[in-house]
Amino acid sequence: FPSHDTMVMHYVLDENDSHGLKALAMKYTNYGDYDKPLEEFKKQYCADHGMLQEDFTYDLIPFDILADYASKDTGVTYDLFMKFWPILQKNERLLWVYNNLLIPGTLFLMDMEEVGIPTDKDRMRAAGKLLDADIFAAKQELYNYEAVHLFEKTEGKIFNPNSPMQLRKLLFDYLGLNPTGKRTATGAVSTDAEVLEELSEEHDLPKAILKVRKLSKIQNTYIDKILPQIDKDGRIRTNFNLIFTTSGRLSSSGKFNAQQIPRDDPIIKGCIKAPAGYKIVSQDLTTAEMYYAAVLSGDKNLQQVFSSGGDFHSTIAKMVFNLPCHVDEVKNIYKSMRQSAKAISFGILYGSGAKKVSETVTKATGDYYDIEQARDDIKQYFTKFNKLKKWLDDRKAFIEANGYTYSFFGRKRRLPNVFSSDKGIAAHEVRSGINAEVQSLASDVNLLGAIRTANEIKERGLDAKIFMLVHDSIVALVKEDQVDEYCEILKRNTQHDWGCNIQNCPIGVDQEIGGDYSFGKWDDFYTVEGSSLARIQTR
């Protein structure tokens, strides 16, 4: 029978707004704040019984109050459906997205969330002990800097690297660094990770603070928070969301944020572990955003890069700079030019200019890459891929004129800030629109592939379950003797031609198979000594 969801409906109709039932009820119905009696009873009950509100359970609410709330909840949902459904039916592109992508996607994610993420408690406990030791050592390193001693002596308090207020004083007042210009939503000078990265180029102290904050975040987010919430079957069940990002990408929330698992350090990935007799299989789309930029732009030269195979960025560098060597040799002989090609390829989709490309290549290679050289290389890049340049210019002009754009599958991205009198805000909005066209296509193809795969393995009765989507990855738990069959099904369904494939060259995929989600890196980085974890020094 058909399924509908008013939150999903509203997301299709306005991705920029809130989609919760209460907010929609206040905005579109006459029911108003209908759960207010519920909240008032809860507060009064907790006050009368000396109970914390987080300990309150809804079985304590009298039936007459709960019944009134439940009936209005149903009434609101019905009224919203009757309001949104006729609007959706008038727009074929939005209706296709709703019927063929978002509703099947919602049902798939519900099933996936029930599967749960398999975890190893012993590894997590050992990882927690190691992180405690690393955080302590990283905090001690801060005292190698005189500015920290001066701060504590003058302020009369222990320096807290997680306090933005203290961090501003330390970096800008005591250390004398200049703010980057980035500010928080409230207008305060920002000290976020991006700012600390930039300031690290001027002084080592911001880098040391960044290390403390990164380690603390891993400990707080993925050890302290998760361990008490692992279910009896050894799995953590969390939320995957289709309607929380304007770009169309999935987000994750709840007990475990799957979209922010540390990439470089396998300490958390190694704790996602398959039980005996099973393997974890992960599949990634390869160079997805550039692939779909080639599709959307119709640039035959860029499409040829994918059709020819080989290392993408080396092929780009050889084509753009006419390098006198084989593609396989570019990475070793012309490292900076390959890095330049890579920075330009990804940078142009995000509106990066010569300055940003110069900084990116300089940081990646360790050799200064002149801004003028970057400017010349970008010009040369667009000479080779002139249809990509034309597509980017056309999309920019369309968005500036209309204040919206549609994705390949029919998602509408509304961009009202393109009409802002602030040129910076307007330019950012244009870039956001172009990014959404590319990013949402990659994300949607991945989701559609996962849905088709889940349906097929269910039909075949395979012992395989997808338990996580992370960026452009599909991650599953598969019975050992069915891994090859599962991998074939997953690849075929991901590479299904929805009308957005390069001819005779479907999107590339990389598949990894292992006992845990780090695919061997845990064993390369760590050794267990008793119940504690230690880093292998020879890595």
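**Exercise 1. Which residues are buried in helix α8 (residues 164-174)?**

*Solution.* Before starting, note that this is a predicted model, where local features need pLDDT of at least 70, side-chain atom pairs count only at pLDDT 80 or more, and totals for chains, interfaces and linings use all residues. Residues are numbered from 1 along each chain as its sequence is written, and side-chain values use heavy atoms, with hydrogens and water left out.

Step 1: Helices (H or I, at least four residues) and strands (E, at least two) are DSSP runs, numbered from the N terminus. Buried means under 20% relative accessible area, exposed over 50%, and partly exposed in between (1.4 Å probe, protein chains only).

Step 2: Go along α8. The buried residues are Gln 166, Leu 167, Leu 170, Leu 171 and Phe 172.

Step 3: Look at what covers them: the cover includes α7 (146-155), α9 and α10. After α8 comes Gly 176, with a positive phi near 80°.

**Exercise 2. Find Val 8 and decide: is it buried or exposed?**

*Solution.* Step 1: Val 8 sits in helix α1 (residues 6-13).

Step 1: Its relative accessibility is 3%, so Val 8 counts as buried.

Step 2: List its contacts (heavy atoms within 4.5 Å). Leaving aside neighbours within four places in sequence, Val 8 touches Tyr 98, Leu 102, Ile 103, Thr 106 and Ile 243.

**Exercise 3. Work out the order of the strands in the four-stranded open sheet.**

*Solution.* Step 1: Two strands pair if DSSP finds at least two bridges between them. The order is β8-β9-β5-β10, with antiparallel pairing.

Step 1: Find the edges. β8 (464-470) and β10 (509-514) each have a single partner strand, so one side of each is left without a neighbour in the sheet. From one strand to the next, the twist averages 20°.

Step 2: Check two pairs. β8 and β9 are joined by six bridges in the antiparallel sense, and Val 470 has Ser 473 in β9 as its bridge partner.

Step 3: Zoom in on the turn. β8 and β9 make a hairpin with two residues between them, and His 471 in the turn has a positive phi of about 55°.

Step 4: Six of the seven residues of β8 are buried. Helix α19 (residues 423-460) lies across β5, β8 and β9 (473-479), at about 170° to β8; such axes are lines fitted to C-alpha atoms, for helices over the stretch in contact, and angles run from 0 to 180 degrees between N-to-C directions.

**Exercise 4. Describe the largest pocket: what is its volume, and which helix gives the largest share of its lining?**

*Solution.* Step 1: On a 1 Å grid over the protein atoms alone, a pocket is an open set of points where a 1.4 Å probe fits, with protein on both sides within 12 Å along at least five of seven lines; lining residues have an atom within 4 Å of a point. Grid points are joined across faces, edges and corners, and a volume is the space filled by probe spheres set on the points.

Step 1: The largest pocket holds about 1,800 Å³ of space. Its lining has 38 residues, and those closest to the centre are Ala 193, Glu 194, Glu 197, Leu 210 and Lys 214.

Step 2: The largest share, eight residues, comes from α10.
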